[in-house]
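Dear colleague,

Please keep the structure open beside the text while you read.

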Amino acid sequence: PPDVRPYLSVIAQLGLALFMFIVGLEVDLSLIRGRGRAAGAIAGGSIALPFALGIGTAVLVYPWHSEVDGRPVPMLAFVLFLAVALSITALPVLARILTERGMQRTPIGVLALACAAIDDVLGWSLLAVVVAVAAGGDMAGVARILGLTLAFALVAFLVVRPLLARLVGWYDREGRLTPDMLAVILVGLFLSAWLTEIIGVHAIFGAFFFGAIMPRRGAAGLTRAILERLEQVSLLLLLPVFFVVAGLQVDVGSIGADGIWQLGLILVVAIVGKVIGGGVAARTQGMPRRSSTAIG
């Protein structure tokens, strides 16, 4: 029922934040050490080509969307919106795919997640551009998002990460994951997610980032204990609610005959743009063909 959906949305956001924290916790960034340039190039390629193809697609289908509920839709805003929509990588979905295939701890899987995280920040920044264009505003919001995201990352790495390293000693003294330790971790996780939501790059980025800066050295027991506490309730109960809520927001019956070929076109453009954009960018960085195709 409609009156239940807001509560489901809250559960979905909690589940998504916990899942993205788990993904960040399991990601070993040392596997891509020295490959920052490759990650940047692949992220750029997997945004640039879908964005360009999205512009052409939007221009083609605009006549069917020039008016919504009796209100005119500016062509520039529509074109930019569709282009941005096709260039964003769905970080939670990618993470789930990699987890299901056991690839979240492989070099290719970690590289793909790193590229998707970069895409996420750029994508939300681009979305701010679309909002500014549609509302007739300026580009100050984009600079604000990028600046605050950079500040958030610096504080997380330089201040929060050393503090989190103390959890290892605390865990070793106690010999187990105490409720106080778990409370500190959860407060940090949701605070990080809330901050990135306020910045404008979505809560999932903050949750993922907090997991990525958790201690690694000598922390195998701590990591295992955290996963044992959070993984099952997140993956089996809370995360499925997120996909249910997403599905509830899709009205397939309203697509209509004209919408079917447009949907097919958008799907083809989205898939081709990502596969070629990411794959070719990976090849330019010297990655083998098989790895480049997997990245794409």
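F152, F157, F205 and F209 form one aromatic cluster, where rings of Phe, Tyr and Trp (its six-membered ring) pair if their centres lie within 6.5 Å, and where planes under 30 degrees apart count as stacked, over 60 as edge-to-face and the rest as tilted. Before going further, please note that this is a predicted model, in which local features need pLDDT of at least 70 and side-chain atom pairs count only at pLDDT 80 or more, while totals for chains, interfaces and linings use all residues. Residues are numbered from 1 along each chain as its sequence is written, and side-chain values use heavy atoms, with hydrogens and water left out.

In total the structure holds 7 aromatic pairs. One of them joins F157 and F209, whose ring centres are 5.4 Å apart and whose planes stand at 90°, so this pair is edge-to-face. Because F157 belongs to helix α6 (residues 140-164) and F209 to helix α9, the pair ties together parts that are 52 residues apart in sequence; helices here are DSSP runs (H or I, at least four residues), numbered from the N terminus. F157 counts as partly exposed at 35% relative accessibility, whereas F209, at 12%, counts as buried (buried means under 20% relative accessible area, exposed over 50%, and partly exposed in between, with a 1.4 Å probe and protein chains only).

Another edge-to-face pair is formed by F242 and F243, with 5.0 Å from centre to centre and 70° between the planes. Of these two residues, F242 counts as buried at 18% relative accessibility, while F243, at 37%, counts as partly exposed.

Helix α9, to which F209 belongs, is mostly covered, since 10 of its 10 residues are buried. Helix α9 (residues 203-212) packs against helix α1 (residues 5-26) at an angle of about 35°, with the axes 6 Å apart; the axes are lines fitted to C-alpha atoms over the stretch in contact, and angles run from 0 to 180 degrees between N-to-C directions. Among the residues that meet there are L16, A17 and M20 in α1, and I204, A207 and F208 in α9, contact meaning heavy atoms within 4.5 Å. The residues of this contact divide into 11 nonpolar, 2 polar and no charged, where Ala, Val, Leu, Ile, Met, Phe, Trp, Tyr, Cys and Pro count as nonpolar, Asp, Glu, Lys and Arg as charged, and the others, Gly among them, as polar.

With best wishes

Terms used
Helices (H or I, at least four residues) and strands (E, at least two) are DSSP runs, numbered from the N terminus.
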